[in-house]
Amino acid sequence: MSRLRIYGIARTRAFRALWMAAELGLPYEHLPIEIGEAGARAPEFLAINPNGRLPFIDDDGFVLFESLAITLYLAKKHSLGTLYPASLQDEARAWQWSFWAICEVDRGVNIWSLHAVRLPPAERDAAKRDEALKVIAAPFKILDAAVAKQPYLLGNEFTVADLNVAAVISRAIEMDLAAVPNLKTWLTNCLQRPAARKALALKNKADSETSPDVTRRIARINRL
Ligand SMILES: N[C@@H](CCC(=O)N[C@@H](CS)C(=O)NCC(=O)O)C(=O)O
């Protein structure tokens, strides 16, 4: 039995943890539980993560929630000096980009994706979609400028900073990114990594198996 358990169906933010586990080549057990009462809010899972949200992990008895805390933890544990920066300043930059992604673009990309792609066409709210695009336009310009001068966020090498930001905005790959060409190239490169493709295969499969009812529930529960 593997010591690392990753909880959460791959269509959720569990995708971020699954991508990191693949980058690190870790053996793990994936428990693809659903959001809400049928999954993360069932008593047995609330007993592990009282937030009732996904993802969370159990690493040999060590329980952790928050998707990017999970990726940072796994990278530092297994890839210090490679995927996880060794210097104090680069570590801080990895945190900076991770917090930035959660605060500036996570919700906007999710709203856009639901109202541009994932909800049945008749139920998409164009006003929500357009407002989300407005909210993410300025931060996307910041990211575009950051990857215009160097291939990756911390320099020449792909690190946890790239994984975290690219995983948060992965659904933006379906947007028109003509206004941010450097972001588009960088995101494409990140998502073409073999580990990303493995995690994306799980995510795409979960997406394709998701019924409109579940997508509606996702929009309602997450207030998107
Ligand atoms: N900041 C958290 C957000 C977790 C979150 O909201 N997860 C969603 C799925 S992607 C969820 O579980 N929503 C259901 C709910 O809130 O009940 C993280 O990054 O892990």
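How far apart do the C-alpha centres of domain 1 and domain 2 lie? They lie 21 Å apart. The legends below describe a predicted model, in which local features need pLDDT of at least 70 and side-chain atom pairs count only at pLDDT 80 or more, while totals for chains, interfaces and linings use all residues. Residues are numbered from 1 along each chain as its sequence is written, and side-chain values use heavy atoms, with hydrogens and water left out.

**View 1. The two domains of the protein chain.** The chain is divided into domain 1 (4–82) and domain 2 (88–196), with bounds that come from an automatic or database domain assignment. Across the boundary, 14 residues of domain 1 are in contact with 22 residues of domain 2; contact means heavy atoms within 4.5 Å.

**View 2. The four-stranded sheet.** Strands β2, β1, β3 and β4 form an open sheet in the order β2-β1-β3-β4, with mixed pairing. Because β2 (29–31) and β4 stand at the edges, each with a single partner strand, one side of each is left without a neighbour in the sheet. The twist averages 15° from one strand to the next. Helices (H or I, at least four residues) and strands (E, at least two) are DSSP runs, numbered from the N terminus, and two strands pair if DSSP finds at least two bridges between them. Axes are lines fitted to C-alpha atoms, for helices over the stretch in contact, and angles run from 0 to 180 degrees between N-to-C directions.

**View 3. Strand β3 and its two partners.** Strand β1 (residues 4–7) pairs with β3 in the antiparallel sense over four bridges, and Arg-5 stands opposite Asp-58 in β3. Helix α3 (residues 67–79) packs on the sheet and touches β1, β3 and β4, its direction making about 135° with that of β4. Strand β3 (residues 56–59) also runs antiparallel to strand β4 (residues 62–65), to which four bridges join it. Ile-57 has Leu-64 in β4 as its bridge partner. The β3–β4 hairpin has two residues between its strands, and Asp-60 in the turn has a positive phi of about 55°.

**View 4. The largest pocket.** This pocket holds about 800 Å³ of space. Its lining consists of 34 residues, of which Arg-13, Arg-53, Leu-54, Asn-110 and Asn-222 lie nearest its centre. Two or more lining residues come from each of α1 (14–24), α4 (88–118), α6 (160–168) and α9 (212–221), and α4 gives the most, with six. The lining divides into 13 nonpolar, nine polar and 12 charged residues. Domain 1 and domain 2 both give residues to this lining, so the largest pocket lies between them. On a 1 Å grid over the protein atoms alone, a pocket is an open set of points where a 1.4 Å probe fits, with protein on both sides within 12 Å along at least five of seven lines; lining residues have an atom within 4 Å of a point. Grid points are joined across faces, edges and corners, and a volume is the space filled by probe spheres set on the points.

**View 5. The second largest pocket.** Its volume is about 190 Å³. Among the residues lining the second largest pocket are Leu-133, Phe-140, Lys-141, Met-175 and Asp-176. This lining has 10 nonpolar, no polar and two charged residues; Ala, Val, Leu, Ile, Met, Phe, Trp, Tyr, Cys and Pro count as nonpolar, Asp, Glu, Lys and Arg as charged, and the others, Gly among them, as polar.

View 6. Ala-22 lies in helix α1. Ala-22 and Pro-194 are 172 residues apart in sequence and 8.4 Å apart in space, C-alpha to C-alpha.
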